[in-house]
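Subject: Structure for your review

Dear colleague,

Please find below the structure that I am handing over to you. I would be grateful if you could look through it alongside the notes that come after.

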Amino acid sequence: MIRHNPRLFALCLAVIAAVFGAQFVLAGYPVLALTRILILAVFAMGYNMAMGYAGMLSLGHALFFAAGMYAAGMASRYGAVGLPAAFGIGIVGAAAVSLGIGLLALRTRTVSFMIVTLMFAQVGYLLTLQFADVTGGDQGLTLSERGFALGPVAVDMTSGAARYNVAAVVFSVVLLGLYALTQGPVGRLFAAVRENPERTRMLGYDVARIRLAAFVLSGTVAGTSGALYGLTFGFIGSSFAEFRTSIEALLYTLVGGPGTLLGPVLGTALMTVLIDRLGGLTAAYPIVVGALLIALTLWFPKGLLGTIRDRWLPWLK
């Protein structure tokens, strides 16, 4: 049964309303940038399910992002399937990969788990380079299929407005779906395993199965983001499978607040805008970002929304 949190639910609806309303205020590059933020926010929300809610710090989520991207992109390019079907294939592909990796990686804990997930992700990255004649390697592949029919309406994915609205719909569905999950018994089980796995086991719950469910959910949502990214922008490439992609998801979650529903969304928006702005000013922007992260850790040790939740707004979870 869902434990309804009316204030958090209202805040989620306000965020969704702001997302759909922004396109009537912004134009040109800001719409493109916000489209990218929405897609990456889905990635960060997926990562947060494993790290923030279930307490599993993974360094390999680039693998699931890339799995969704390549499954969807290659189905579209080589399988001659429509974009909606390719998107579904991307989600299923990411779920299958996350299940397979989870069954192996979750035999380990803490630092060993981090290393194992990193190793699997690096194997995935190297495979995209090894089979460059199919995957495009670091040069990538351009997808030719750029539209689909939604009933009597033709959706042209070369249109900025169409791309934005597709990203906004997926973002909204994921956000509301994760709200229902985190406020329900599954979310409480994730938190119980994170806080005290031994007590959870003593109460009769299968901790290994709960961890696996959280990991697969996390990887599937991450893959959903990857599939959406590739199909939205019409490009897939090995760069998205690099270690840097995993670190970005971790960074977005840490800045916004692990274990909060909207923290990864805020973290993604802030860090994406900050890096884009600083990157246009200086090549040394990583130093500035690093200094800001140190300051954030000192004053907001649990991320922005995580610290606000602990100090002032306990419903913000």
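This is a predicted model: local features need pLDDT of at least 70, side-chain atom pairs count only at pLDDT 80 or more; totals for chains, interfaces and linings use all residues.

Helix H11 covers residues 243-256. Its 14 residues should span 20 Å at 1.5 Å a residue, and the end C-alpha atoms lie 21 Å apart, which agrees. The buried residues of H11 are Thr 245, Ser 246, Ala 249, Leu 250, Leu 251, Tyr 252, Thr 253, Val 255 and Gly 256. These buried residues pack against helices H2 (29-53), H3 (61-78), H12 (263-281), H13 (285-299) and H14 (304-311). Just after H11 comes Gly 257, with a positive phi of about 130 degrees.

The structure holds 7 salt bridges. One of them joins Arg 244 to Glu 248, with the closest N and O atoms 2.9 Å apart. Both residues belong to helix H11 and are separated by 4 residues, about one turn of the helix. In an α-helix there are 3.6 residues a turn, so residues three or four places apart point the same way. Arg 244 is partly exposed, at a relative accessible area of 42%.

A further salt bridge links the side chains of Lys 302 and Asp 310 (2.9 Å, N to O). Lys 302 is partly exposed at 46%, and Asp 310 is partly exposed at 42%. Salt bridges with shared partners also join Glu 242, Arg 244 and Glu 248 into one network.

Finally, Arg 194 and Glu 195 meet through their side chains in a salt bridge (2.9 Å, N to O). Arg 194 is partly exposed, with a relative accessible area of 31%, whereas Glu 195 counts as exposed at 58%.

Yours sincerely

Methods: Residues are numbered from 1 along each chain as its sequence is written. Side-chain values use heavy atoms; hydrogens and water are left out. Helices (H or I, at least four residues) and strands (E, at least two) are DSSP runs, numbered from the N terminus. The expected span of a helix is 1.5 Å times one less than its number of residues. Buried means under 20% relative accessible area, exposed over 50%, partly exposed in between (1.4 Å probe, protein chains only). Contact means heavy atoms within 4.5 Å. A salt bridge is a side-chain nitrogen of Lys or Arg within 4 Å of a carboxyl oxygen of Asp or Glu.
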